[in-house]
Structure formats: structure tokens, C-alpha cells
Amino acid sequence: MVDFSLAIVAILMFFFGLTIGYKYGEDKGVQCVTTHEYTMANVKVLVAGVLVSSLIWASGWLMLAGIAIGGMAGALVGLKMTFGESVGPWKVHDRFLRVNKDQLRRAGSENAEAVRRARRDGTPMPEVMSVAEDEKDKKH
């Protein structure tokens, strides 16, 4: 019975870390404008997660490991969702599983960086629609 209750507490710790990590990833994802900044934010999350996990392992309080692992997972997902584009390994993942088609489309856009910069700074988004007339429309 003790093992079952410890497993429940470990799962709760994981979900707690997931929630905290997702919030952190959302906050940092808005600040990323270039794909380099996004990649570096991912690397920082992974390095911090490994360091915290190793400190938890060294302390012997293994029940807290769920917070570190959940925090890493939540932060990575929060970064991806807030960044709003499929880049790096996520691009391969999204193409293979045929998900997040709008994020794949945005990643290929020429003004994607301008949109991210406007979102971060709180300025109006650049125009993404063409207002030029088509040749068909000119004939009618």
C-alpha cells in the first residue's frame, strides 16, 4: 500500500512540475524572436533540468524528481506552443505525424520573424494578406 501511495505522490509531483514548466515556457516563448533564440531557450531548459535532476538525485529525495522532469517537459511544450512555429526537431515531428499544419505553414513564411517581434513588443502585426488584384479580377 505504501508503494502505491508513493507512486501517486510521484505522479502528482510530475503534474505539478508540468504546470510550472508550461507557464515558464509560455513566458520565455514570447520573448523569442529568432529561431536561434528559441533553440537557445530549449538548450537552457534542458541543461537546467539535467542540473536540477542531478541535484535531486544527489540529495536522495527522489520523490522530487517528478517536478524536475515534468518541469522540463512542460517548459519545452510551452516554448513550442508560444513560439508558434515548427522549427528544428519539431518540424520533422509535425511533418511525420501530419499535425500542426498551421505552424508548419507559418515557419515557411518570409515575415515570420516580423510577426514574432511584433507579438513580443506589443506592436501591430505586419500585413500578411496580399491586396494586389489578380489578373482574373482585372478582366471582369
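Before we look at the chain, a word on contact, which here means heavy atoms within 4.5 Å. What you see is a predicted model, in which local features need pLDDT of at least 70 and side-chain atom pairs count only at pLDDT 80 or more, while totals for chains, interfaces and linings use all residues. Residues are numbered from 1 along each chain as its sequence is written, and side-chain values use heavy atoms, with hydrogens and water left out.

Let me start with the overall fold. The chain has seven helices and zero strands, where helices (H or I, at least four residues) and strands (E, at least two) are DSSP runs, numbered from the N terminus. Its radius of gyration, taken over C-alpha atoms, is 20 Å, well over the 14 Å that the globule rule (2.2 Å times the number of residues to the power 0.38) gives for 140 residues, so the chain is more spread out than a compact globule. Along the principal axes, the C-alpha atoms fill a box of roughly 80 × 30 × 25 Å.

Turning to the interior, 24% of the 140 residues count as buried, meaning under 20% relative accessible area with a 1.4 Å probe, protein chains only.

Which residues does alanine 41 contact, leaving aside its neighbours within four places in sequence? They are Cys32 and Leu79.

Conventions:
Buried < 20%, exposed > 50% of the residue type's maximum accessible area, 1.4 Å probe, protein only.
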